[in-house]
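Subject: A structure for you to look through

Hello, I am passing on the structure below, and I would be glad if you opened it before reading the notes that follow. Please keep it in view while you read.

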Amino acid sequence: MEKSIKRNAISFALIITLVTGIFAMPIMTGDSSVLPGSSDVYADEVTADWVKNYGGTNGEAFKSVTKTFDGGYVAVGYTDSNNGDLSGLNIQGGSDFLIAKFNSEGTREWIKTYGGNSIDEFYSVIQTSDGKYLAVGYSGSVNGDLSAAGNKGGYDFVIAKFNENGTKAWIKTYGGVGNDIFHSVVEYSGYYYAAGRSASQTSSDFQTDAVNNGSNDFVIAKFNSDGSLANSRIVLAGGSTDDYFRSIAVTSDNQLICAGYSASNDKVLAEAGNKGNNDFVIAKFDLSLANIWIKTYGGKGSDTLESVVVTSNGSIIAAG
């Protein structure tokens, strides 16, 4: 489980920064770039255009933000509060999904919460081509806004669509008896592609021959515009230990690129190998979710990638 149920009272903040210069000074050791400190980055100059804080007396956090077509922002995460800026919202138990819309200056336009009796959290959000919002994450709830979707056991994958004003269009869950979490989502050519990880051994939602190879396996899934599975099944891949996808993007040649980390050196990671502890991992898939290649990089410590983007010239940039 990535987050503890016990949290400090932390408000969520929407921060937009203008970065005028960032540099790092790596020391190259094999295929690993080691910074002078154990986890160091250096900023030449970082200027915040504005910072806005919103929240209640309990814990809440934004996990993802994206710019909207009208020049504003939509952000998602979770909240435990029902007061302050969350007053009047129906907090149903544990943590609830949070989705909020802001204008270009960070002024709140609306905040909505959804959930059930357990922990419900969004990790990623996009604005879809029809002007609505799509979020992914996980849920442990069986009632409230998850009554129709249900729960297969542990935490389930969640994919949810919202209208322009934040009202729910639909929420769907998938998974097995273990913990199943989506960390990232993209839209391409009318489909939604989500990436994450699964600790479930088997499920009718997974590909027919899927077997979990370790405590957590890579996950990639394709959905129709109504949230139904487009490839009939969710694809699992991994080795005998922990393998996570944390981010997904569409490449310039119309394929999918996923980034995350892996501690495995067998099964689909046998050729890529492992340099020690967790390695950076980057993997390419076609649009039918067939794996094209998977590569690992790193040193003897713990190396993780948290985000991947594709630039206008087709380059792939991953950070962690």
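**Charged pairs and nonpolar cores**

Glu109 counts as partly exposed, with a relative accessibility of 43%, where partly exposed lies between buried (under 20% relative accessible area) and exposed (over 50%), worked out with a 1.4 Å probe on protein chains only. Before going further, please note that this is a predicted model, in which local features need pLDDT of at least 70 and side-chain atom pairs count only at pLDDT 80 or more, while totals for chains, interfaces and linings use all residues. Residues are numbered from 1 along each chain as its sequence is written, and side-chain values use heavy atoms, with hydrogens and water left out.

The side chain of Glu109 meets that of Lys101 in a salt bridge, with 3.2 Å from N to O; the term stands for a side-chain nitrogen of Lys or Arg within 4 Å of a carboxyl oxygen of Asp or Glu. Side chains of opposite charge can pair when their charged atoms come close. Lys101 is buried, at 2% relative accessible area.

A search of the whole structure gives 8 salt bridges. One of them joins Lys161 to Asp130, whose closest N and O atoms are 3.0 Å apart. This pair links distant parts of the chain, 31 residues apart, since Lys161 lies in strand S11 (residues 156-162) and Asp130 in the loop between strand S9 (120-127) and strand S10 (133-139); helices (H or I, at least four residues) and strands (E, at least two) are DSSP runs numbered from the N terminus. Lys161 is buried at 5%, whereas Asp130 is partly exposed at 40%.

Another salt bridge holds Lys168 and Asp145, with 3.7 Å between the closest N and O atoms. Here too distant parts of the chain are linked, with Lys168 in strand S12 (168-174) and Asp145 in the loop between S10 and S11. Lys168 is partly exposed, at 34%.

Which residues of the largest nonpolar core touch the most other members? They are Ile159, Phe182, Phe223 and Ile234, out of 18 residues in that core, a nonpolar core being a set of buried Ala, Val, Leu, Ile, Met, Phe, Trp, Tyr and Cys residues joined through side-chain atoms within 4.5 Å. S15 gives the most to this core, with 3 residues. A second, separate core has 17 residues, among them Ile220 and Phe245.

Best wishes
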